Amino acid sequence: MQTNKSDSQNNATDDMLSLKTWGDPREHTEIVHEAFVDCGWGRLLFGQTFGTALALADTLNNEASTERDIALYVREPHVALAAAPQQLFLDPSHTYRLDLAQLPHADTVPGMNIRPATPDDAAEINRQYLSRNMLPLRDGYLAKGARPDCVQLLVAESPEGGLSGVVMGVDHKAAFNDPDNGSSLWALAVDPQARWPGVGKALVLALARLFHKSGRAFIDLSVKHDNVQAIALYEKLGFSRVPVFCIKRKNAVNEKLFVGPAIASGLNVYARIVVDEARRRGIAVEVEDAEAGIFRLSFGGRSVACRESLSEMTSAVAMSRCDDKALTRRLLAKAGLRVPEQLRLESPAEASSFLERHGRVVVKPARGEQGRGVFVDLTTEDEVTRAIEHAQQLCDQVLVEEFVTGEDLRIIVIDGAVVAAAIRKPAAVTGDGQLSIRTLIENQSRRRGAATGGESQIPLDRETERAVAAAGYSLDDCLPKGVSLAVRKTANLHTGGTIHDVTPVLHPDLAAAAIAGARALDIPLVGFDFLVPDVAAPDYVIIEANERPGLANHEPQPTAERFIDFLFPHSRANPETTTSA
């Protein structure tokens, strides 16, 4: 079960003594034998309650196809693995324990409300889990009477509203009359877009306090052996490692845990998501240049070279149609799609006249990607002049475009179908009444970098200064508590922007426009940048097309899966299935 779980336990020496008291579980007539708990994403099996390793192996092998089971406290893991070596594996995670008698003081996150989950939280909890590549809760699991009484679910509400995190806990005493009087923590997820630090820590301590109040002696959690940041946090909170082992059944979800080291070291997140999906299907991967994100995929006599999401299936002509932004606009307009008015700059006087006509403009290089050299919402001649000079450093040809208000919508089209749609929001910080805007930006940039493998960070450059100044502040000002400030004009992920899935509510006309655009450019995979007043309404303009859009960060939409479906249709679980919008 790849549940991004967070999990723990106590002092190693004391724990060994505690575990020894169990002996043969069949001797403990007061406990529930062969005990397990339904966690909504699968079963938590208590290994110490099984009389034989074979019985435990048999129970794990009866895992439901849509769920993922975990067996913890396995008394004889080597024997259990020997009983089913092709089906089971030893989870490469450490178990940590916190003695609840030594529970540390709980730091609070200002304005954060931690409370029990309700059925109304189900959709948002599952969004959190899917954003972390964790299995969601089964439909109806949070309904009254559906969840076992021994399972606790806590959620963290952010000051702005909405959920910033979720954690699950299991009371072992209530589950099987545990003579060790323990509890455990599972399925901790913090929203990767959360602006507030300390959410995970607050959830862990809130759950620990809850079990301490119930009279439990300790709380355990399991954390992947190489999750250095999580381990450092747990040890700082007082958790100690204990010799407790976990066994799981081999499946596609937890494949990364048993297939061995990844061969894609050095690849960025946009290349890695494709390579990981290919490996999961048994497609051979040859990394030609990790720094450039170039690799070759081979399967069934077919071989395709890729650079992230750009493959040999995209022709050089199709790529050039996207690379030249002025050409992109002309082709989309010719196809009857709505695009903003645009000027291919020949002289400064043209830019001045264009600004006077529109009042607010965008300046960008005619070629480029990742938002480099793009200046948005310029209102003065000085701003336009400086932006042109900067854009000319990246490309000889500069475009001036009318500024259109609306939400920044990215739509991914693969093989003639919309696969994902997401609103992109500019980098923003929230004041605490103490730190300067500069420090808030640096802190937020570190968090975004950690959440995206270093791909998303907020630059402290002239454009950031301009966005801050437009709101009436300087970088060294203290932002009042609770005030949210957008510190970039563009929503590019590479400059700290965040992305929020809206695929289920996308208006059919927007999807149709994206598909028509892909057809006009004759390109099999493309990411369109729309500006829309509302994703559930038909109005739009298309401002750009990207021949190499990032497929990461679009969870829960299956972008990498559909890309590999397109490249290698016979690698699908059901080759007859066709891609659908």
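L137 touches C39, G40, W41, I125, N126, Y129, L142, L153 and M168, leaving out residues up to four places away in sequence; contact here means heavy atoms within 4.5 Å. The model is a predicted one, in which local features need pLDDT of at least 70 and side-chain atom pairs count only at pLDDT 80 or more, while totals for chains, interfaces and linings use all residues. Residues are numbered from 1 along each chain as its sequence is written, and side-chain values use heavy atoms, with hydrogens and water left out.

L137 belongs to the largest nonpolar core, which has 33 residues. A nonpolar core is a set of buried Ala, Val, Leu, Ile, Met, Phe, Trp, Tyr and Cys residues joined through side-chain atoms within 4.5 Å. Buried means under 20% relative accessible area, exposed means over 50%, and partly exposed lies in between, with a 1.4 Å probe and protein chains only. The residues with the most contacts inside this core are W41, F46, I125, Y129, L137, M168 and V170. At least two residues each come from β2 (43–46), β3 (70–72), α4, β7, β8, α5 (172–176) and β9. Strand β8 supplies the largest share, four residues. Helices (H or I, at least four residues) and strands (E, at least two) are DSSP runs, numbered from the N terminus. Apart from this core lies another, of 28 residues, with L337, V413, V502 and A518 among them.

Helix α4 can be looked at on its own. It spans residues 122–131, and its buried residues are I125, N126, Q128, Y129 and S131. What covers these buried residues includes β7 (151–157), β8 (163–171) and β9 (182–190). An α-helix has 3.6 residues a turn, so residues three or four places apart point the same way. N133 follows α4 and has a positive phi, near 60°.

Y73, in the loop between β3 and α3 (77–83), has a phi near 60°, a positive value in a residue other than glycine. Y73 is buried, with a relative accessible area of 6%. N181, in the loop between α5 and β9, also has a positive phi near 60° and is a residue other than glycine.

Next come two helix pairs. Helix α11 (residues 348–358) and helix α12 (residues 381–392) pack at an angle of about 135°, with their axes 10 Å apart. Axes are lines fitted to C-alpha atoms, for helices over the stretch in contact, and angles run from 0 to 180 degrees between N-to-C directions. Angles under 35 degrees count as roughly parallel, over 145 as roughly antiparallel, 65 to 115 as roughly perpendicular and the rest as oblique; α11 and α12 are therefore oblique to each other. The crossing of α11 past α12 is right-handed, a term used if the near helix is turned clockwise from the far one by less than a right angle, with left-handed for anticlockwise. A351, S352 and L355 of α11 make the contact with E381, V384 and I388 of α12. By class, this contact of α11 with α12 has four nonpolar residues, one polar and one charged. Ala, Val, Leu, Ile, Met, Phe, Trp, Tyr, Cys and Pro count as nonpolar, Asp, Glu, Lys and Arg as charged, and the others, Gly among them, as polar.

In the second pair, the axes of helix α8 (residues 269–280) and α16 come within 9 Å and cross at roughly 60°. The crossing of α8 past α16 is again right-handed. From α8, I273, V274, E277 and A278 meet T559, A560, E561, F563 and I564 in α16. The residues of this contact divide into six nonpolar, one polar and two charged.

The peptide bond from E555 to P556 is cis, with omega near 10°. Strand β27 itself (residues 541–546) contains E544. E544 is buried, with a relative accessible area of 15%, and, leaving aside neighbours within four places in sequence, is in contact with K325, K364, G527, F528 and D529.

By contrast, E346 is exposed, with a relative accessible area of 60%. E346 lies in the loop between β17 (342–344) and α11. Lastly, L98 in strand β5 (residues 93–99) counts as buried, at 1% relative accessibility.
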